[in-house]
Amino acid sequence: MVRESEEQIAKPRLGHRTVAEAPLVEGLLWNSEWLAPSEGPLTILWKIALANCLTPRELCRLLFGRNLLANDSNGSHGRTLLNPVWMMDEKAIPTSLGILVRQHALDMTSPQWVSALASDDHIRYCKACISGGYQSAFCQIDGLLTCPVHDLPLLQNCTLCGAPTPRYALNSLAMSSPYCCHSCGAPLGSNIWSPVEQGLSPEYNAVHSRYGEIERWLLALADLNVSWRHLASWQCASDAQNDSLERRISVFSVLRQLVVLQLADASFRSPRLPVSINAHYATPTSSKVGPEIQESTNELNARRTAYKAIRRHIRRLLKKRHRRCFQGLSNVLQIEWGTQMLHPIAPVCPLIFAYFLWRHHFEEDMALDSHLGATRSSTGLRKESLEWPLDWEVGLSAWCGFAVESFFAFAQVAKEWTDRVEQCPKPYAKENSSFLRQMLTEFSVPMTPRSLAWASRVTALKVQTARQKEKEVAIVVGPSGSLHKMLAQPNCAVDLHPETICFRGLAINVRLIAPTPDQELEFTMSDDAAEPQVRIAPLERLELPPHLDGHRLSNHGSYLEVLNAKNDVEAVKLWLENYADRPATYGDYRIVIERLINWAVIERGKPMSELDETALVAFDTFLANPLPTARWLCPRGTPRSDPNWKPFSGPMSQGSRIHSEDIIRLLFKWLNSMGYHTTYRVSHVINESSMVVTSSLKVSVDRTPTEIIRIDDWRYVVLALAEGECDPHHLYARLAVELMYYGNLKVSEVTRVSTSTLVSTPYATLLRVASRSSRDSTIYMLPPIVVSLSRLGIVATEATENPFDDSRRSDSVEYSERPLYRSSSEVRNLTKEIFQRASKLAQTEGDLAASARLTSCTCQSLRYAFELHAHDFDHDKWIWRLIGSTGLVPSTLRGYLHPRKELTEQEWQCALHDLAPCLNTPLSQLH
Amino acid sequence: MSDPKEPFSLRSDINPILMTECADRDRIFQTHPVVTDKAKIPTPAIKEVTDTIRRAIVHRDPGVAFVGHSRFGKTFAIDVIKETLPQSFPEIPIYSVAAKEHDRPTERSLYTDLLMDCQHGVSDSGTALARRIRLLNLWLATVRRPGGDRLILFVDEAQNWGVEDFTRLRDLSNDMALNGYRLITILFAHFNLLSTRASLLSEQRTDLIGRFLLHPGYFRGASTISDTIEIMKSYDDPEISEFPKGSHISYSEFFLPQKYRGGWRLEQEAGACWAAFEAEAGNQKGHYQVGMQWMSSAIRNFLYLNWQQEHGEPADSGNLWMQSVSASGFADSLSVTQPPSGSGTAG
């Protein structure tokens with residue numbers, strides 16, 4: 001019956017003549033439904049090859065009338081798909097399909113940036129995309145780490161055999177086995193595309209339109225009218241092998257700061273050497289007439305003056321921490337007469353080396369002057385540096401940015417030199433050693449101004465916005481770093497981790513405004529950071545846009561997630577509900593997290609849950625000095641309902657910052673336990689080499705006052721204390737150091753220690769510190785101190801009463817009231833001797849940085865050190881009860897500490913057990 | 001204004017093409033399908049074949065075959081059916097290929113022929129496997145459309161294919177079936193195909209016979225006067241035979257416009273025409289059919305003679321149809337293109 005009815009339907013319908021036609025385009029099978037949005041030429045070619053069963057030679061011949069190229073050459077491939085101008089040149093015979101392929105190449109979207117951002121070295125693909133037969137040309141952008149559609153990494157190797165993918169070109173290797181590894185033949189994805197498959201569904205196309213974000217971004221860049229003349233010579237890696245790749249990644253990073261790319265930060269690859277950008281209004285080009293020449297002279301004079309100011313500033317900062325490094329400079333650095341190459345001839349502080357390298361490139365006839373006062377050398381600047389960037393004009397502000405960035409660049413060079421030198425034993429022992437010759441060859445370019453007048457790691461670009469055509473913006477790009485932080489380090493180490501350059505008075509921050517609905521972009525220049533779009537508000541009033549509230553993270557809603565929270569704020573509120581019954585704790589925790597969320601979205605431009613470890617360290621730095629004040633500070637007592645409410649009333653003390661870190665760690669730990677995705681994961685990792693237990697949020701030495709001795713340096717002090725145990729003088733020195741370290745005593749308190757202040761209980765020895773309040777006047781003598789006391793023959797009085805009962809203290813003052821030390825200066829001198837011994841030990845072991853640090857240590861360096869080190873080991877819970885130290889407890893919270901009570905024997909043993917790693921004493925000896 | 005319902009011949013406005021003095025008329029004459037022997041007329045035989053094919057498509061039969069004498073219009077029949085089938089089955093794609101005879105028929109030569117006839121641009125390169133995949137991809141990509149589950153393949157001169165060729169076609173058909181599509185092959189061939197069928201039967205290749213040659217139909221020529229009337233009606237009907245396109249002028253009206261306006265129709269000449277064919281065949285023994293080659297040639301001659309008369313040539317005193325049939329070469333074809341007693345049964 002069905003057939004009969006179909007037969008009736010099948011009667012000819014006059015006037016409706018549809019001839020079924022084959023999907024052939026100029027004789028080749030092609031279906032327009034196979035094409036997905038933003039699809040690149042590679043998979044289009046693969047589809048044509050598969051559908052028509054064509055060899056690479058036939059494909060090239062039929063589509064473009066060209067032959068394959070037999071040999072690959074360095075640089076761009078002759079049949080590249082990245083910028084395939086060869087498809088349409090005078091020798092080509094393009095077909096309709098050839099034109100289609102050409103139109104989907106990356107250079108059609110962005111001819112200006114295609115070579116600067118992407119390469120054809122290897123095919124880069126997303127495993128999920130390639131399974132659907134798709135590869136976007138945007139995958140070739142090296143700065144892109146993951147596929148924006150699937151958040152999977154972009155690969156350039158076969159996942160089965162590990163063979164690198166062929167070049168992104170129409171060559172024999174890439175086209176002989178479409179969608180498969182050319183080496184092992186395995187599919188690159190989970191399956192191979194087939195022409196038999198149905199056309200792409202609207203849903204599929206909608207998903208892949210996420211690559212359109214990158215396309216829109218590139219088009220917005222084109223509107224920006226960027227001129228980057230010296231881009232090709234910008235050095236972004238120390239080794240030439242990776243320089244091109246790193247440059248592409250760095251360029252992508254810089255351009256993303258010019259125009260916001262609306263993708264998650266995790267999608268981008270960070271440059272190995274972080275870069276920072278400074279934007280300045282460029283001066284209009286002047287014509288060569290009289291008054292302008294005068295102006296030009298004034299400009300150069302202004303640059304000379306500015307350079308002197310910068311040099312003076314850097315020198316003063318160096319004086320603070322590297323005074324000793326200047327000594328004997330002529331024995332450390334040398335300028336070769338012929339090549340003008342400045343290079344070390346002995347171990348050198350990298351910062352000092354960088355300083356003189358920098359000066360050598362800017363100043364003519366620079367003398368290696370170890371004088372730390374105002375330099376007497378002339379400030380005759382080299383013409384090339386003075387007139388930088390030569391082929392276009394920038395203002396004084398931009399030039400100053402260039403000068404500062406140059407210093408960072410030379411600091412990188414100096415650090416790379418010293419790092420390389422450290423790998424070689426006695427590198428300077430033989431003047432003409434092959435190692436040294438090789439080093440000088442490798443570093444010949446950055447070490448002499450003859451090769452290149454200025455640091456190749458600094459570059460500049462000119463930007464003209466569509467809106468403000470009359471205003472050009474000069475952007476100076478160079479290594480990222482913090483000048484103050486770098487120069488303040490006493491350990492002669494150069495730290496170039498991502499931080500914005502905070503060279504006040506010279507650099508001008510660039511404000512990047514997210515694209516408005518009509519995609520208009522604009523720059524605004526301001527000495528202060530510009531006001532962000534998100535308004536600072538307390539948690540209950542905080543309104544965040546979707547891309548900043550954390551809801552976009554891909555694995556929210558996974559099966560692991562048990563938290564019913566759509567975004568970060570909701571998750572935090574749920575967490576705070578755990579403390580609803582404790583109002584003080586609730587309020588305390590809330591303000592800390594409010595600060596974190598506001599800071600994350602405003603200063604970092606990302607949701608709280610996407611903050612990583614580096615960001616949290618930066619947050620800690622921010623807590624110490626929340627700037628700009630107008631944005632972050634408000635008078636104390638401002639109600640939360642006030643629109644002008646701000647999360648800070650001033651900078652935070654170290655203790656408060658540590659407390660904040662604990663709260664943040666608590667929050668993240670809870671979020672992780674509830675399955676809520678965060679980029680930062682709370683973890684404790686044991687560093688086996690140093691046996692230091694670190695947490696990601698540990699109180700790093702970089703952030704603690706420099707006076708406190710590092711835990712690594714303390715190891716040398718312990719070794720120094722262990723020497724000369726039979727010498728009473730040494731034993732007294734040892735006791736003084738241990739009292740200050742393990743007992744947290746001040747120098748004045750140490751001088752008052754006598755046998756009468758020591759009280760012995762059945763299982764512990766106690767010390768009464770008369771100058772302290774009754775609450776913390778009694779401290780437990782930890783085993784290292786007791787050992788030293790016993791070596792000195794000092795015996796504690798027997799405790800007949802509760803030692804914590806202050807009313808009875810006069811009863812125990814009988815034995816001897818003579819202090820162990822005559823004066824404070826004696827204690828200081830003894831301590832200094834120990835530090836000097838420790839310094840020598842460090843030097844013997846080759847740890848020059850630790851040796852330098854120990855040389856500058858004082859008694860003050862031991863204050864709170866034990867508490868801090870115990871905190872690193874997460875065993876600081878005993879500190880208050882044992883020695884009454886509260887250095888890391890915020891002053892506002894000290895009142896809430898439990899009253900100290902005498903420890904039971906079991907508690908005492910437990911405390912010793914917990915603190916064993918910090919006591920540098922085997923556990924067996926503690927009891 | 002003329003009444004659209006009024007017969008064209010009675011309308012007051014005459015198409016300028018039909019005016020004797022019209023300069024364009026001579027030019028159009030040179031390209032007229034009747035003159036160039038490209039007139040596609042749905043003969044009764046084509047209508048019978050079309051009905052058989054339509055049934056096969058509806059019932060998703062794997063294939064049908066038709067045999068007929070040479071010059072009976074099989075190739076024209078394929079063209080006509082290809083144009084009319086989409087009106088009934090718009091979602092079914094149609095390919096038409098001509099089987100070629102090769103000294104050494106190979107897999108590569110078969111696929112090359114098929115690819116070439118399917119208009120693929122890369123028909124003569126690559127291995128046999130590559131060509132096969134290319135062909136299969138083309139067919140699959142063509143048939144893949146909403147509602148499409150069948151692909152029709154017309155094969156002209158199918159007698160040129162041997163057992164190997166049919167076997168390869170079977171494999172292609174199976175591959176199509178694996179992908180969920182039915183390949184319907186429609187073979188048009190000379191009677192030699194029946195000998196191929198006989199050899200397949202003797203080899204018990206039922207897989208091929210059942211698929212392609214189960215019930216070979218007969219593609220016949222005009223055998224009665226009523227067939228001639230049907231053919232000539234098509235020459236009169238502008239719905240079927242219109243030239244130039246859009247002019248609403250039938251073939252017969254183009255050549256004899258004045259007579260046509262006066263009510264004359266070619267259909268009226270069917271009796272004289274058939275009598276002329278009978279007279280021509282009367283000298284021969286056996287039962288004969290008139291292939292479209294000679295029928296259309298005779299009609300062309302008749303119309304051309306009338307055209308000459310209209311253009312001032314002296315009227316021939318003899319029988320025009322006898323002259324036309326004689327000039328068509330029908331008599332010479334007897335005993336050459338069809339055996340003296342050759343006839344079949346229409347499928």
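Student: How many bridges join strand 2 of chain B to strand 3 of chain B?

Tutor: This is a predicted model, where local features need pLDDT of at least 70, side-chain atom pairs count only at pLDDT 80 or more, and totals for chains, interfaces and linings use all residues. Residues are numbered from 1 along each chain as its sequence is written, chains are lettered from A and ligands numbered from 1 in the order written, and side-chain values use heavy atoms, without hydrogens and water. Strands are DSSP runs of E, at least two residues, and two of them pair if DSSP finds at least two bridges between them. Strand 2 and strand 3 (residues 150-156) of chain B run parallel, and the bridges number 5.

Student: Which residue is the bridge partner of B:Val97?

Tutor: Look in strand 3 of chain B. The partner there is B:Val155.

Student: Which strands stand at the edges of the open sheet in chain B?

Tutor: The sheet has 5 strands in the order 2-3-4-1-5, with parallel pairing. Each edge strand has a single partner strand, so one side lacks a neighbour in the sheet. The edges are strand 2 (94-98) and strand 5 (217-219) of chain B.

Student: In chain A, how many residues of strand 10 are buried?

Tutor: Buried means under 20% relative accessible area (1.4 Å probe, protein chains only). Strand 10 spans residues 472-479 of chain A and is mostly covered. Of its 8 residues, the buried count is 7.

Student: Which residue of strand 10 of chain A stands opposite A:Ser276?

Tutor: Strand 6 (residues 275-281) of chain A runs antiparallel to strand 10 of chain A, joined by 7 bridges. Opposite A:Ser276 stands A:Gly478.

Technical notes
Buried means under 20% relative accessible area, exposed over 50%, partly exposed in between (1.4 Å probe, protein chains only). Helices (H or I, at least four residues) and strands (E, at least two) are DSSP runs, numbered from the N terminus.
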